[in-house]
Amino acid sequence: MKVTQLIDSLKFKQIYPAITTDFDVTMLTQDTREVQPGAMFIAVNGYHIDGHKLAAQAVEKGAIIVVAQERINVSVPVVYVQNTERAMAILADVFYQAPSQSMRMIGVTGTNGKTTVTHLIEQIYRDQNQATGLMGTMYRKIKDETLPTNNTTSDAITTQRTLAKMHQENVETVAMEVSSIALDLGRVWGIDFDIAVFTNLTRDHLDFHKTMANYIHAKSLLFAQLGNKYTASGTTKVAVLNTDDPVGREFEQYTAAHVLTYGLNPDAMIRAQNIQICSYGTEFDLAVFGEVTHVTMKLIGKFNVYNMLAAFAAAYASGLPSNQIIKSLEKVTGVKGRFQSIPSHTGVRVIVDYSHTPDSLLNALKTIHSFAKQDVYCVIGCGGDRDHGKRAQMAKIAVENSTKPIFTSDNPRTEDPENILCDMIAGVPETKVPVYIDRHEAIQQAIQDAKPGDVVLIAGKGHEDYQLIGCTKHHFDDSEEAAKDLALRPVIDQKLA
Ligand SMILES: CC(=O)N[C@H]1[C@@H](OP(=O)(O)OP(=O)(O)OC[C@H]2O[C@@H](n3ccc(=O)[nH]c3=O)[C@H](O)[C@@H]2O)O[C@H](CO)[C@@H](O)[C@@H]1O[C@H](C)C(=O)N[C@@H](C)C(=O)N[C@H](CCC(=O)O)C(=O)O
Ligand SMILES: Nc1ncnc2c1ncn2[C@@H]1O[C@H](COP(=O)(O)OP(=O)(O)OP(=O)(O)O)[C@@H](O)[C@H]1O
Ligand SMILES: N[C@H](CCC[C@H](N)C(=O)O)C(=O)O
Ligand SMILES: [Mg+2]
């Protein structure tokens, strides 16, 4: 793209020295490690490194123009702006030719349920024979091709590049997880969402946001930024809000878009009633503006009823017929690491779940209690370099809601795992809980000790296939560990268990 076209998109800037010939920009990047000849390098002041200090290095590698918010001394033109992250979002949108405007963009935010809801949405549109895209914690996915990701919501350039590739491949609908951190850092500023979905809000990420008020504010941005687009044809922006959650009610005020509410409360436009949870599925009555259909889904738990309502509402908001949406949702079997049952012929039920917040852990354990008849083991750790305050809370929830809690490690990162475990133990000073720093041993012990009829919940890591110790990822997969340990137990006739 021609440099003038690109920088004309920035309304307020100073260019020094002035650009006299209109040259081509071959790529955009904020990372010197990616720079190729002809690149525009955007200097970002990060948490560890100030990109302005690396601008000269970017130029040496072939960058022909730099965007900066502080004075720098390089041999190529510099576009000075107030905020390079905002400029990056705008430039990325322009460079990749605004792909989000050509596809149905559904953004999903909230503390828990984003990955699950985006997958449900993907399934619904796939069943409509649409080409779909998905971006979130597990991967970026273009139809059937999966690409790795470092973040739940990637930086603006990666996101726009991925959207452009989706558009090239004729993707029609994109389901995208939008994290509070991404909203706070402006990673999604350039994206034109059509539908924004709120799942719920409970404690998480206070290491980053510091207060719940800041956290709520960050989440609200998705709805505030939705803007409005009222057209005669009826294609408009919609905020899909869980109004059982007071934060969802609060967000009604922040958006100028149409609002579609869901929940169990009688005022919700899309509502679930008469929920029955069993060990291999959930049934409920779905009322859509009062019209009731009985739904039988394979997903387990009340929290998954909420996820289903959220996905249903998003699809309904885009105009799909209720009966077709329900058909898709009834056949969904679940997402890896989300209340995932590990095949077992031992009478012991093992469930791997990505509950790494107090609320999600409580929900997972409550769901198990609705069908468990004997002991419930709960193998749980808390992540390093993350909110310290949630550790004691999660430990207490594990102790109060399982008969056999076991504390262990979950991605200690740069912290000493013993210190993390001490923070957990401080939450249950009266109780003696077995502790295994090595997660492998913790899982082994739980599965070895369990009796037929018991349930073992392995919480916190879900789909993750690594244990992050220091800055190194070691292969580790809860479901693989569980399968190995189950294989060492005698096979028993399930009917006798
Ligand atoms: C705290 C945070 O959000 N950090 C993000 C941030 O990293 P950073 O500020 O540390 O970057 P940095 O290393 O200081 O580098 C600053 C700048 O210099 C550049 N650089 C750096 C090194 C170099 O050699 N050359 C170079 O040009 C970098 O590209 C960057 O532009 O920018 C990176 C690139 O966009 C992100 O990948 C990184 O996310 C890290 C991995 C992270 O862990 N983030 C978490 C907290 C996060 O964002 N989580 C949310 C929520 C998850 C959920 O709830 O599901 C998420 O959306 O993932
Ligand atoms: N609607 C919900 N309400 C409460 N808890 C939920 C809900 N949906 C899922 N959970 C719990 O949260 C865990 C994570 O679910 P999921 O991955 O869908 O959420 P997420 O919002 O994408 O999380 P992350 O912020 O880590 O990306 C699940 O394993 C389950 O225990
Ligand atoms: N998106 C979350 C995932 C946490 C997963 C858990 N296994 C941990 O490492 O704490 C985070 O980065 O805080
Ligand atoms: Mg997620």
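Predicted model: local features only at pLDDT ≥ 70, side-chain atom pairs only at ≥ 80, totals over all residues.

Mentor: The buried residues of helix 8 pack against strand 6 (104-109), helix 6 (180-184), strand 11 (195-198), helix 7 (206-209), strand 12 (238-242) and helix 9 (246-251). Which residues are these buried ones? They are Tyr 215, Ala 218, Lys 219, Ser 220, Leu 221, Leu 222 and Phe 223. Helix 8 itself covers residues 212-224, which makes 13 residues. From its first C-alpha to its last, helix 8 reaches 18 Å, close to the 18 Å expected at 1.5 Å a residue.

Is Lys 210 buried or exposed? Lys 210 has 11 C-beta neighbours inside 10 Å, so it counts as exposed. Its backbone is worth a look too, with a positive phi of about 70° although Lys 210 is not a glycine. Most residues other than glycine have a negative phi, and most peptide bonds are trans.

You will find a positive phi again at Asp 385, where the value is near 55° and the residue is likewise not a glycine. Asp 385 sits in the loop between strand 19 (376-380) and helix 13 (389-401). Asp 385 counts as partly exposed, because 13 C-beta neighbours lie inside 10 Å of it. Pro 17 is placed in the loop between strand 1 (14-16) and strand 2.

Strand 2 (residues 27-29) brings us to Thr 29. This residue counts as buried because it has 20 C-beta neighbours inside 10 Å. Leaving aside residues up to four places away in sequence, Thr 29 touches Glu 34, Val 35, Ala 39, Phe 41 and Ile 157. Thr 29 and Ile 42 are 13 residues apart in sequence, yet their C-alpha atoms are 6.1 Å apart in space.

Now for the wider view. The protein chain is divided into domain 1 (3-95), domain 2 (99-259 + 313-328) and domain 3 (340-496). In UniProt, an unreviewed entry places the feature "domain: Mur ligase N-terminal catalytic" at residues 25-87. Over residues 25-87 the chain is 16% helix and 22% strand, with its end C-alpha atoms 16 Å apart.

Where does ligand 1 lie? Domain 1 and domain 2 both give residues to the shell around ligand 1, so it lies between them. There are 21 residues around ligand 1, and Gly 46, His 48, Asn 151, Thr 152 and Ser 179 come nearest. By class, the shell divides into seven nonpolar, 11 polar and three charged residues.

Finally, look at how domain 2 meets domain 3. Nine residues of domain 2 are in contact with nine residues of domain 3. On the domain 2 side of this contact there are two nonpolar, four polar and three charged residues. The C-alpha centres of domain 2 and domain 3 lie 30 Å apart.

Technical notes
Residues numbered from 1 in each chain as written. Chains lettered and ligands numbered in written order. UniProt positions renumbered as here; feature names shortened; annotations may be inferred. Helix = DSSP H or I, 4+ residues; strand = E, 2+ residues; numbered from the N terminus. Near = placed C-beta within 6 Å. Nonpolar A, V, L, I, M, F, W, Y, C, P; charged D, E, K, R; others polar. Domains from an automatic or database assignment. Contact = placed C-beta atoms within 7 Å. Expected span 1.5 Å × (residues − 1). Buried ≥ 20, exposed ≤ 12 C-beta atoms within 10 Å, placed from the backbone.
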